[in-house]
Amino acid sequence: MSTEENMEEQPTAVEETPAGRKREERGDLVVGLDIGTTKICCVVGEVFEDGIDIIGVGTAPSLGMRKGVVVNIESTVASIRKAVKMAEDTAGCDLESVYVGIAGNHIKGFNSPGILAINGREIKQSDIQEVINAARTVKISENQQVIHVLPQEYMVDDHTGIQNPLGMTGVRLVTNVHIVTADIGAVHNMVTCCNKAGLQVADLVLESIASAKSVLTPDETELGVALVDIGGGTTDIAVFYEGTIRHTCELGLGGHNLTNDLSVGLRTPLAEAERLKEDYGSALSSIIKPNHVVDVPSVGDREPRRVTQKVLVDIIEARMVEILEMVDRELAFSGQKNRINAGVVLTGGTALLANLVDLAEQIFDLPVRIGYPGGVGGRVEDIYTPRCTTGVGLVIYGREHQLSGLHREAGVVDKMKGWFRKIM
């Protein structure tokens with residue numbers, strides 16, 4: 001056989017993805033957009049029946065956000081566009097619809113019960129929806145809007161711990177749900193920024209719930225686990241037990257507070273404080289050699305100063321202890337800490353701080369690990385960092401909703417029209 005004939009036969013071999021799929025097969029796109037306080041992360045996933053391939057990732061510094069809330073729309077829009085453009089370039093496609101993560105201490109989470117009389121007949125899907133609606137009819141502040149109603153469990157008469165009561169027979173159906181609400185104005189500004197950047201919002205998702213999708217295992221959520229996502233401006237907490245969400249909370253402190261403390265304490269610009277935190281930072285000062293010295297740039301034209309690394313780490317440790325102790329108090333206050341049998345999973349950009357696991361285990365008195373995104377294929381090397389946990393989780397969340405056909409009563413855009421009328 002000639003070389004030319006052999007070359008003509010070669011295209012019959014089709015390249016395959018890491019999951020074993022042929023490149024010529026195409027799936028639907030799901031896009032996660034994590035609009036954080038210090039960074040914006042856009043993750044593009046190609047969805048197949050047997051999983052997700054990450055095909056594009058884009059990140060950009062976040063300008064215009066503070067503690068998870070938009071404070072400058074134009075700056076936020078510009079940052080979103082940069083991250084989305086980078087993701088579009090790597091994915092080789094134009095992006096239109098995104099699942100957006102939301103965080104901030106304006107978000108509230110609480111549990112609520114619902115009861116429905118069944119009168120001895122078989123429970124139908126409409127009954128399940130009705131008892132959930134009964135649980136969500138609770139009075140909330142006028143400036144808050146429900147963004148999640150998450151069933152925890154059902155009870156049929158005296159039978160408890162039921163995950164799906166469909167087809168069962170009883171006299172009374174009871175459910176407990178976890179409701180998450182957010183400030184109407186904050187949500188409106190977030191959606192407005194996405195729209196101005198040329199994107200439609202498919203859904204808004206609490207960031208800790210999204211992050212849990214990409215870092216927690218089924219065994220952990222069944223045994224009991226606390227997810228602690230330490231981002232730039234907020235620390236998001238979610239507790240799971242027996243496979244369902246039990247508690248959520250947002251704290252208004254994060255990695256930016258560590259950077260700001262260094263900037264003030266060492267009298268150095270914020271950008272230099274961030275670099276020093278990444279290069280020399282640690283959560284434990286007791287393991288730092290006392291004679292190790294680092295150069296600290298000064299503000300203005302002043303000469304750099306030499307400071308021991310231990311002084312730098314002392315500043316970081318003090319703030320990190322404060323954040324983790326706040327988390328520990330919240331876990332105790334929630335009544336869920338004795339259910340956290342699988343320990344605590346730390347994620348978010350601040351989870352990369354050296355020796356953070358050791359400090360966290362001392363404070364929580366529980367096993368602790370760092371959570372990295374998983375459950376996806378494709379360009380895994382581009383997202384394998386705690387910084388991309390929420391972005392990947394949003395893609396997984398979006399896939400679950402698309403494949404299951406779950407939709408809210410009204411789309412985000414329709415709901416926003418109603419919310420905006422309330423504001424006006």
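**Note on the predicted model**

The protein has 13 helices and 19 strands, where helices (H or I, at least four residues) and strands (E, at least two) are DSSP runs numbered from the N terminus. This is a predicted model, in which local features need pLDDT of at least 70, side-chain atom pairs count only at pLDDT 80 or more, and totals for chains, interfaces and linings use all residues. Residues are numbered from 1 along each chain as its sequence is written, and side-chain values use heavy atoms, with hydrogens and water left out.

1. Of the 424 residues of the protein, 52% count as buried; buried means under 20% relative accessible area, exposed over 50%, and partly exposed in between (1.4 Å probe, protein chains only). Contact means heavy atoms within 4.5 Å. Among contacts between residues at least 6 apart in sequence, 66% join residues at least 24 apart.

2. Thr-234. This residue is found in the loop between strand 12 and strand 13. Thr-234 counts as buried because its relative accessibility is 6%. Its side chain makes a polar contact with the side chain of Asp-236 at 3.1 Å. A polar contact is a pair of N or O atoms within 3.5 Å; within protein, one must be able to donate a hydrogen and the other to accept it, and residues adjacent in sequence count only if both atoms are side-chain atoms. Leaving out residues up to four places away in sequence, Thr-234 touches Lys-67, Gly-68, Ala-103, Gly-104, Asp-229, Glu-250, Leu-251, Leu-253 and Gly-254.

3. Thr-235. Strand 13 (residues 235-241) holds Thr-235, which is buried with a relative accessible area of 0%. The side chain of Thr-235 reaches the backbone oxygen of Leu-253 at 2.7 Å. Not counting residues up to four places away in sequence, the residues that Thr-235 touches include Val-228, Ile-230, Cys-249, Ile-323 and Val-327. Asp-229, Glu-250, Leu-251, Leu-253 and Gly-254 are among the residues touched by Thr-235, and they are also among those touched by Thr-234.

4. Helix 7. Helix 7 (residues 255-266) has 12 residues and reaches 17 Å from its first C-alpha to its last, close to the 16 Å expected at 1.5 Å a residue; the expected span is 1.5 Å times one less than the number of residues. Its buried residues include Leu-258, Asp-261, Leu-262 and Leu-266. What covers the buried residues of helix 7 includes strand 12 (225-230), helix 8, strand 15 (293-296), strand 16 (305-308) and helix 9. Just after helix 7, Arg-267 takes a positive phi of about 55 degrees.

5. Helix 8 against helix 9. Helix 8 (residues 270-280) and helix 9 (residues 309-334) pack at an angle of about 105 degrees, with their axes 11 Å apart. Helix 8 is therefore roughly perpendicular to helix 9. Axes are lines fitted to C-alpha atoms, for helices over the stretch in contact, and angles run from 0 to 180 degrees between N-to-C directions. Angles of 65 to 115 degrees count as roughly perpendicular, under 35 as roughly parallel, over 145 as roughly antiparallel and the rest as oblique. From helix 8, Leu-276, Lys-277 and Tyr-280 meet Gln-309, Leu-312, Val-313 and Ile-316 of helix 9. By class, this contact of helix 8 with helix 9 has five nonpolar, one polar and one charged residues. Ala, Val, Leu, Ile, Met, Phe, Trp, Tyr, Cys and Pro count as nonpolar, Asp, Glu, Lys and Arg as charged, and the others, Gly among them, as polar.

6. Helix 12. With 16 residues, helix 12 (residues 389-404) reaches 23 Å from its first C-alpha to its last, close to the 22 Å expected at 1.5 Å a residue. Helix 12 is mostly covered, with 12 of its 16 residues buried. Among them are Thr-389, Val-392, Leu-394, Ile-396, Arg-399 and His-401.

7. Positive phi values. Most residues other than glycine have a negative phi. Asn-119, in strand 7 (residues 108-122), has a positive phi near 60 degrees. Asn-119 is exposed, with a relative accessible area of 65%. Asn-119 and Val-171 are 52 residues apart in sequence and 4.3 Å apart in space, C-alpha to C-alpha. Glu-242 is not a glycine and has a positive phi of about 55 degrees. Glu-242 lies in the loop between strand 13 and strand 14 (244-251) and is partly exposed, with a relative accessible area of 33%.
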